[in-house]
Amino acid sequence: MATENIIDEKKQGQALVTDIKKDNTKKLFIESYGCQMNLNDSEIVAAILSDAGFNTTPHLEAADLVLVNTCSIREKAEQTVRKRLEKYNAVKKINPRMKVGVLGCMAERLKRQFLEEEKIVDLVVGPDAYRDLPNLIEEVEAGREAVNVILSKEETYADVSPVRLNSNGVSAFVSITRGCDNMCTFCVVPFTRGRERSRDPQSILKEIQELADKNFKEVTLLGQNVDSYLWYGGGLKKDFKKASDIAKATSVGFDNLLDLCAIQFPKIRFRFSTSNPQDMHTDVLHIMAKHDNICKYIHLPVQTGSTRMLGRMNRQHTREEYITLIDNIRKILPDCAISQDMIAGFCGETEEDHQETLSLMNYVKYDFGFMFAYSERPGTLAAKKMADDVPQEIKKRRLTEIIQLQQKHGLYRMEQFLGKTVEVLIEGTSKKSDLHWKGRNSQNAVVIFSKTGEEALGDFVQVKIETCTSATLIGEKIKK
Ligand code: SAH
Ligand code: F3S
């Protein structure tokens, strides 16, 4: 879930036609910054507000209510949102009745302070308070302040059927856990998204059934730490010890959940994100090996290759333990792609630590990577206890070295597909050419190939790979 994918502005707030309610009269413009979880949360918000009379609109200018789902992960992510608020301000001058709300991690982090800092903002709502939105909107309309940033130990929105926004009708996200208990010292997420909770597996299967009924072909199971999924009747994971023997005996872990999904929906292919090295066990790898419809791709953030830095980051594993996990993946799933998140220049990082990151990368040769310079976040343990002491230009240089090495490895991985035939799920027309389709193979590599007129969006097709770049495979469809 590492991508800071900023969604195409023109496509914001567009729901599948099947999700539009005829009798709804008010218009909601909603956009998301940050991770896939935010995108999925916006779909949950659209569903809650659909029951309160709002249909989504792709046009900012036409909106009665504008909601922005925000990201706090790095300072830059917050700056991007502040810029966006300026744009809303300009639109509000033309349409003064328009209300503006801030959702997500920045709302949780800044709370009431947001109303003072950004005069344009009418309501501030944290990630666990979306059910309260209809009430809060009424408060705003009555001229009162509307802030709800209460974090929950139970909320999973299990019963809410998300309105699929900007959807290609082929692939969708389904949340399985919320929050994170890991407390990595650099990370703001445990503060903005609260304690880790798992969602009832029956509600997960029900949501996937709804997607299958609408002809969706790919589901990505989402959580900050999916491998830590544990259902024993609800509540925090730490309370599992106190649960009844029956609850423990019937509990469902992530491997069980994946197995259930893959068996119940043989026509859907499954992905999941994100895996935390300390919580990923070989059980999950064996379930992945057992099912063709579980994609052979693991996003396995490591942040640094130095055990010393892993300790400072409060990651619960060493470099050697991570390498053992990688070796197990290669053994059990020889064709599995692996991707990383890396942070360059965390507090106290020496040149030696940095070299260990590069050498770990050389060992794993990741297929993809999401790489960032360390950005101090207020309230985290690192901000409180550690000096952000790596000078900006050194952070930048180390980051560049990491990115360049990743490009080399990405190309190496893509080249392994040359001459091979891969199965691709068609996800849309190529951005660069109307004559080409784009899709992804099991390993999550983007594949581009010519349209033949015989295949359609949502089809699984066989493509023979002819050329590649460091991030894309290019080929031709093979007749079955
Ligand atoms: N477990 C989560 C991690 C969310 S944060 C998940 O689902 O992916 C995504 C990535 O952002 C992290 O893996 C880390 O590489 C990066 N990140 C988090 N906090 C950061 C910070 N303070 N500075 C720079 N990068 C950060
Ligand atoms: Fe953040 Fe670490 Fe959780 S990176 S989301 S605290 S696993």
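The following legends describe close-up views of a predicted model.

Residues are numbered from 1 along each chain as its sequence is written, and chains are lettered from A and ligands numbered from 1 in the order in which they are written.

View 1. Among the 15 residues around ligand 1 (a heavy atom within 4 Å), Gln-224, Thr-274, Gln-303, Asp-341 and Ser-375 come nearest. Polar contacts are pairs of N or O atoms within 3.5 Å. An oxygen atom of ligand 1 lies 2.6 Å from a side-chain N or O atom of Gln-303, and an oxygen atom of ligand 1 is 2.6 Å from a side-chain N or O atom of Asp-341. A nitrogen atom of ligand 1 is 2.7 Å from a backbone N or O atom of Ser-375.

**View 2. Shell around ligand 2.** The residues surrounding ligand 2 include Cys-180, Cys-184, Cys-187, Gln-224, Asn-276 and Arg-315. By class, the shell comprises 7 nonpolar, 3 polar and 1 charged residues. Nonpolar denotes Ala, Val, Leu, Ile, Met, Phe, Trp, Tyr, Cys and Pro, charged denotes Asp, Glu, Lys and Arg, and polar denotes the others, Gly among them.

**View 3. Helix 5 (residues 133-141).** Helices (H or I, at least four residues) and strands (E, at least two) are DSSP runs, numbered from the N terminus. Leu-133, Leu-136, Ile-137 and Val-140 are buried (under 20% relative accessible area, with exposed over 50% and partly exposed in between; 1.4 Å probe, protein chains only). After the helix comes Gly-143, with a positive phi near 85 degrees.

**View 4. Helix 13 (residues 351-364).** The 14 residues should span 20 Å at 1.5 Å a residue, in agreement with the 20 Å between the end C-alpha atoms (expected span: 1.5 Å times one less than the number of residues). Buried residues of helix 13 include Asp-353, His-354, Leu-358 and Met-361. Helix 11 (307-312), helix 12 (319-332), strand 15 (337-344) and helix 15 (392-415) are among the elements covering the buried residues (contact: heavy atoms within 4.5 Å).

Note on methods: This is a predicted model: local features need pLDDT of at least 70, side-chain atom pairs count only at pLDDT 80 or more; totals for chains, interfaces and linings use all residues. Side-chain values use heavy atoms; hydrogens and water are left out. A polar contact is a pair of N or O atoms within 3.5 Å; within protein, one must be able to donate a hydrogen and the other to accept it, and residues adjacent in sequence count only if both atoms are side-chain atoms.
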